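Thanks for coming. I will take a few minutes to go through one structure, and I will keep to a handful of its features.

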Amino acid sequence: MLAALMELHKMSHANPLPPIRTSDKVGQSPQGLRSWLGIGIVLLVATAIIAPFPFLENASGHDIAFHIQSWMDASRQWHQGVLFPRWAAWANFGYGEPRFIFYPPISWTLGAGLGQVFEWRMVPGALIWLMLVMAAAGMFHLAREWLSPCDSLAAAVLYMANPYQFVVVYYRSDFAELVAGAIFPWLVLYAIRIGRSRMRGIIGLSVAFAAIWLSNAPAAVIATYSLVLLLLVESMVERSARTFARGCAAMAGGFGLAAFYIIPAVWEQKWVQIQQALGPALRPAENFLFTHSDDPEFQLFNWKVSSVAIVMILATAIAIGLSRRRKRESPQIWWPLATLGAASALLMFPFSGFVWRQLPKLQFVQFPWRWLLPLAVLFAMFTAAALTRAPRRWIGWIALAIALGCAATAIAHDAWWDSEDIPQAESAIQSDAGYEGTDEYQPLASDRSELQTEAPRVAAVAASIDTIANATKIPTGQMDRDLRLHIERWISEDRIITVDTPRPVTLIFRLLDYPAWRAELDGRPAEIRSMKNTGQILVSVPAGRSRVEVRFIRTLDRTIGGAISLVTGLVLAILFFTDRRAAIVAAAVEKPEAA
């Protein structure tokens, strides 16, 4: 990184370029060689960040098990013909859970897709590398609104290698937030352009906003409040309500594009124990900077991330101060970004507790230090802007490179490295043993602690369905010898059982009851009941030969959400091509006049 920044310094002094405006061609370099050198620097830094992975396997952060299990679950469902999974079939040790309804799809789709190309042990590093490169590209284009190409490249490198990025990669393994972080600069870019851009600017903001909502729910809440704040400040600076109106239109478009995920996730929350997402140690009040806790491990991590936050807050504040001259040149950029930086910093401290309690859904961000996500964008932007006009800025870049290198080395060395996470998850899914579920995605009638991990896929008990539904455990008893039970089909969203019994029985499925499950008995709708405590699906079968099918259906909320996303996508596509055609016609008219 140090060598790359030194080369960057030489380039910037050899051929300095003035800042460009929105009307300029973003990212255009005067020399192709310099463009390729910039790309090489980005790729080199991204590779350096994941360099320990081939030697130490994978950083085993807090969320790594959740993500790799989701990737493998989705990947195996693809092979079963389920292209867009909704039910995590191997969660809760094979009883399943509606994880994919509530968890945004981009990260687990990317992980599952990379699993088709690479060995599973290589997927975390590959996903991190791709997102780091995408983050750098977004940050470069954002910085070009304000800085020269060389300084914009410096901002891009600074963003992809900021301290919080290392926390996400090495301590947390939160791949969904990593994806959201790669998209965030694009959101800010289109937000500060919205007042002076054509229709394509509104469409760009809609797509970036939707992409964050489809990446990570806490980051989406942060992005929503950040975008509202940016639009308000920009409207006040420009003294134009048009900016805010255009921004609101873009947000509506973004919500529309993401409706296929948002509407089911919101509607079906009443079917799961979603409040467990705010259980002990998961509430904002317990995760402000430098919070005290009786749990030594929790305390240690909080203080580590708090130290990173303080360093970034101070560095951003100093950079904002040093770049204050630029607010006269570009107030429509400086003021919105500086305001967002101040708000992001203040929301990490306990005195902001009132705000966390009052603003809708803000509590589901869980960890106030997650506001380092937007702060990292401003940290990179303002630091690059501040060092641009420093008398000997190469000294500042060298010092910064050394500091970031030391921080990265310390965090990587302190991380927990594990070579067994992925093989264990892969073995558990391949053997159908499954993996541990998630508290907040438990169906209402279920208690995960009561589930028997060794239970068969289907058990037939000679007792009435009412008796089984009220039992606290599965009754045991001698069944008729000539009862025959055959599993004809058992895939993630479709289970078919044939039963031949001399007397009525109740089938107990290794499957949790959820309103989207429907049962048919010999082709006719059948009643589904759930067992007390465990919430397992029960179906009553009469004497004789029967065929029972239990399917996961498309509920009305999913249909409505999909229709809204489809219509929104079509409208935005029509607007995009209409705007593009208008621009081509306008350019053709201007060209003869200029001649």
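**Cysteines, a surface patch and a sheet**

Cysteine 248 is partly exposed, with a relative accessible area of 33%. Please keep in mind that this is a predicted model. Cysteine 150, in contrast, counts as buried, because its relative accessibility is 5% and the cut-off for buried is under 20%.

How many disulfides does the count come to? The count comes to 0 disulfides. As a reminder, a disulfide is a covalent bond that joins the sulfur atoms of two cysteines.

Next, the surface. Trp36, Ile39 and Leu43 make up a nonpolar patch there, and together they have about 330 Å² of accessible area.

An open sheet is formed by 4 strands, in the order 3-6-10-9, with antiparallel pairing. Which strands stand at the edges? Those are strand 3 (458–461) and strand 9 (529–530). Each has a single partner strand, so one side of each is left without a neighbour in the sheet. In general, the strands of a sheet pair through backbone hydrogen bonds, in a parallel or an antiparallel way.

Look at one pair in that order. Strand 6, residues 505–512, and strand 10, residues 536–541, pair in the antiparallel sense over 5 bridges.

Note on methods: Residues are numbered from 1 along each chain as its sequence is written. This is a predicted model: local features need pLDDT of at least 70, side-chain atom pairs count only at pLDDT 80 or more; totals for chains, interfaces and linings use all residues. Side-chain values use heavy atoms; hydrogens and water are left out. Patches are made of residues with over 30% relative accessible area and no salt bridge: like charges are joined within 9 Å, nonpolar side chains (Val, Leu, Ile, Met, Phe, Trp, Tyr) within 5 Å. Accessible areas come from the Shrake-Rupley method with a 1.4 Å probe; for residues, only the protein chains shown count as cover. A salt bridge is a side-chain nitrogen of Lys or Arg within 4 Å of a carboxyl oxygen of Asp or Glu. A disulfide is a pair of cysteine sulfur atoms within 2.5 Å. Buried means under 20% relative accessible area, exposed over 50%, partly exposed in between (1.4 Å probe, protein chains only). Two strands pair if DSSP finds at least two bridges between them. Helices (H or I, at least four residues) and strands (E, at least two) are DSSP runs, numbered from the N terminus.
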